[in-house]
Structure formats: C-alpha cells, structure tokens
Amino acid sequence: MGQLDKNGRRAAGPMKRAILIAMPYTWLLALFLIPFAVVFKISLSDIELSIPPYTPTMKDGLWNMLSRLDFENFVFLTQDDLYWKAYVSSLRIALISTVLTLVVGYPIAYAMARAPEQWRPTLLMLVILPFWTSFLIRVYAWIGILSNEGFLNKFLLWIGLINEPLTILNTNAAVFIGIVYTYLPFMILPIYSALDRLDGSLIEAAEDLGCSRIKAFWLITIPLSRNGIIAGCFLVFIPALGEFVIPSLLGGSGTLMIGKVLFEEFFSNRDWPVASAVAVVLLLILIIPIVLFQHNEQKQAEADT
Amino acid sequence: MTRLSLFNVVSLTFGFVFLYVPMLILVIYSFNKSKLVTVWAGFSTKWYSELLANDAFLDAAWVTVKVAVLSSSIATVLGTMAAYVLVRGGRFFGRTLFSGMIYAPLVMPEVITGLSLLLLFIGMGLDRGVLTIVLAHTTFSMCFVSVVVSSRLMTFDNSLEEAALDLGASPLEAFRLVTLPIIAPAVISGWLLAFTLSLDDLVIAAFTSGPSATTLPMKIWSSVRLGVSPEINALSTILIAMVTIGVVAASLASKQAALRAKRDEQKAARMT
C-alpha cells in the first residue's frame, strides 16, 4: 500500500492489480476456454455405452493418448450427407436472414437518426424493449400468426389477396421471419449509433455541390455508417448460424440447421462424440467471423476514445 | 430540428408495427375464453387462474428467479472488474486473449456454449442443478456486463480519478468514492441485462441443468412444442408486463438522475 509512484500518488500494489486481473481472467479461462478443449478432446474419442458415454483418451501418458486419438467422428461427418447439408443450409439461411434483417433494419435506424431529437430516447427504448422480452415468447408469438388458420392468413383472406391459406409455418420462410423479427434490434442499434454520430452538414454539403439525394445517401451516408452495418451483420449472422429455437419451433422437417442437428444428436441420439465433432466444425466455421467482429469492435472502441 | 420525410415515417411505422403487433396479439388472446387461440370467444381471465394453480410453473419460476439473482450479481462484480481491467488496466500478459474471451461469448451460438459447459461439468463430476446453471449464466452474462460498463468507463474523464489519487486517496478509495458513483448507472443496467438474459435463457439451461432444476423457459419450451396454448399466452403476458414496467421505470429513473446531475453541474458552474 504505502509506496508512492513517480507522481507522488499512492500506487496500488502489484499484488492487488494482479488479483484484479486474475479473477475475471481465471473465471473465463476455466468456464469458457477450457470447456472448448474438453469438447475438442471428446470429439476425438469413441462412443461407449457407459456413462459418461465416451472413452477418455488422456489416461496413460501422452504417447498412448496420441496413438489412440482418432478422427473417426470427423470422417463420419463427411460421410453422412446430413451433416454437410446442414452446414450448407445453415450458412444459406443465416446469410439470407442477415441480408433481410439489414434491409428491414436500415430504414428504421435511418428514420430514427433523422427523427426530432426529443423523440429519439423514446424510439430507442421502443427498439430495445422487445430485446428485454423473452426470446422464446417472441418466437412463440409467430406460431399463432403464421399457421394455416393463423392471423396472417385470416387477414390476407379477408382483404381478398389470397383465396386459400398459404402454408408458411414449418417452412424456411417462417424461419426467415423469425430470425428477422428476433434479431432486428441487434441490427438497428449499431447502425443507429453510427448514423447518430454522422455529421448532417456533410450531406448538406454534398447536396449543395449538386449531388442528388439518393446519390448523397450512397456516397456519404452508407460509407459513414459502414462500421454500424458490419457490427449489426455480425451480431445477426453469427448467432443465427447456430440457432436452435427458431428452426425447431417455426421450421419444418425440411429445415436443416446445424444447431438443431447438434441438439438432437446430443439429447435424442446421445452420441456425444459426434455432437462434439459437430460443435468443433461449427466453431471452426465461426472463428473467422468472430475474429472479424472482435476486430471491428476494438477498432470502434479505440476510435471512440 | 430535422423534418421527417414520408419514407422515414413509413419505415418507422412499419418497424414498430412489425415489432409490437405479434406481442399485442399474444396479450389480447391471453384473455380469450376459448381454448382455440385464434378464435375470439369473449373475455375471460380463467387462463390466469389456471396458470397460478399450476405448481410446476410456480416451482420453475422460483428456480429461474434464484438462478437469475445469483448469476447476475456475480456477473456484475466480475464483469465490472473485467471492464476496469480492459479500459484502465494497461498492458498485461495475455490481454488480447482476455479481450477475445470477453467479446466471443456475446456472439457464440448457445448450443456450443451449452454443450461445452455440460461436458466440462461432467468431466469435473459436478452434480447438475441450480449451481451449474448459475456458473454457466454467470460466464456469458459477465461479458455483457463488461461491455456495458467499459463503454461508460471509456467516456468518463479519467482526470477525476487522477485528481482523487493526487489528493491522497488510495486506488481503492478513488474507485469507491469517485469512479463507482459515476459508472453506477452502467453497472445497474449491466446487472439488469444479466438478470434478463438469465431469465430468458433456454438452450444453455437445458444443457447445464439436471433433473433437480427446471427453469421457466425449459417448462415453456416443453409445452410450446405441442403448439399454441392459452396458458402460455397468459404467462407471456405476465412476463411482458413485468419487463415493460421494469424498463419504463428504469428509464424514467435514469432520466431523473441525468436531470439532477445537470442541475448540479449548472449550480457548480454558477459558484465558480
């Protein structure tokens, strides 16, 4: 305690600083990083019918362990159509939903940023509020809307747009709607905060210099909100790729998503090594977007200070 | 003041209709007499009384609240420490890894987090129940807390803390007397965020809980899989009402606090 640093202040002892750093660090190492190592290890072991249903491969020395590791589960993933089809279809669904969320979310964020200043806190709260409400309930709400005798079909029949009910529930379209709906705040918020910081005089200058409104939008507004768009797209794309609740509740038997496959492999088939291998491959797919997302966040954070 | 163009008005209207109508339908039809959830048969509150008589739901609600209070409180302490370390901690060994571990859980698919934690708990021989759910929830929600708190720490003026240190406060005193009161709103909203994330979580709880602990989302999940039910509509309405009241109250309180701070600042400015 008592020692003074070069400015004459009482400096925190190096011990205290180390403790401050060590506590959250150790927690995350133990409960975030090490679990991945466990998953990786189990993905390389054999299934066994005892509980836990896998053979540990780390018992008798390193050499023995290495000689017993096998990539059987990963080979299995490439042999069974189900898995790679699920990966491809998850990527496709996540990508399409991200684009749809951007298309729906950008105009809302833009309008919020252009709204009179005194409205903005209320608008912001209205966007955040659904995010605080249970995810499960928000997905569940769409079952009653999209089903054959649901509200959407009733409404469309009533205004005479269709003559017979559309089948939406239990198709990929329902999954798209579900993802756009539940992840919309994640898209709106970063774009809004980027647009909010945008200096309006830049657009005025462009318009004064003869840019049309649309051209000014493309040349100035979009590029200057780029970081917000990137952050929003990552925040939607990455979790959507491993989504489980939405495809299970709104999707049909034809909706293949890897999160659902993993969940079923684990809980219904109780095949832990294969479920672990599925998770490892999903993680490998996600590493690039996660690193890019983190890079973008850090750049943003540094730009703010 | 900017004027809203027609396009902006249309997109705002569409956006909020899209966000709120599904929940509104849920709320309205929770008061429906009929068991058929899309046919209106008159006003009734019978689904609420049926829900309140359902012990399984009440037990699950109690487990959920217990888990949420515990995990969000631990997460707030750890997350605030992590934020302080990230913003004020300077360089230390493994800083990149540390910040990676803060940001990655924010976007990590829940199935992966849940599966990996379950396999860890089994490897350690921990009995799955309330404790393991608390550990799991603390881990991902501390990252959300730390992002919320660090954004506040970044914007506030470091010289205040330095002034306290110059005047002879120990670093701990400076944190308790100067920094903590300033970042308190962020710490509180971090706690609230952690609390709701824990209340809300289905996938990670499903992986990390055992037969002794069923949370409310797990209970909702098992009945929702069978289709729409008016009881779940009633439960949803109660949850939506609680969240709305909580969020509106919190935002009014923070608005008032901001006004008070502004008045104090003006008073201080007049005195100098």
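Author: Helices (H or I, at least four residues) and strands (E, at least two) are DSSP runs, numbered from the N terminus. This is a predicted model, where local features need pLDDT of at least 70 and side-chain atom pairs count only at pLDDT 80 or more, while totals for chains, interfaces and linings use all residues. Residues are numbered from 1 along each chain as its sequence is written, and chains are lettered from A and ligands numbered from 1 in the order in which they are written.

Reader: Which residues of α5(A) are buried?

Author: A residue is buried if 20 or more other C-beta atoms, placed from the backbone, lie within 10 Å of its own; 12 or fewer makes it exposed, and in between it is partly exposed. In α5(A), Leu123(A), Val127(A), Pro130(A), Phe131(A) and Trp132(A) are buried. Their cover includes α4, α6 and α8 of chain A, along with α1, α8 and α11 of chain B.

Reader: How many residues of each chain are in contact with the other chain?

Author: Two residues are in contact if their C-beta atoms, placed from the backbone, lie within 7 Å. Here 74 residues of chain A are in contact with 66 residues of chain B. On the side of chain A that touches chain B, α1(A) gives the largest share, 16 residues. By class, that side has 58 nonpolar, nine polar and seven charged residues. Ala, Val, Leu, Ile, Met, Phe, Trp, Tyr, Cys and Pro count as nonpolar, Asp, Glu, Lys and Arg as charged, and the others, Gly among them, as polar.

Reader: And what is chain B made of?

Author: Chain B has 11 helices and zero strands. Buried residues are 42% of its 272 residues, and its C-alpha atoms fill a box of roughly 70 × 60 × 35 Å along the principal axes.

Reader: At what angle do α7(B) and α8(B) pack?

Author: Axes are lines fitted to C-alpha atoms, for helices over the stretch in contact, and angles run from 0 to 180 degrees between N-to-C directions. α7(B) and α8(B) pack at about 135 degrees, their axes 9 Å apart. Among the residues that meet there are Leu160(B) in α7(B) and Pro171(B) in α8(B).
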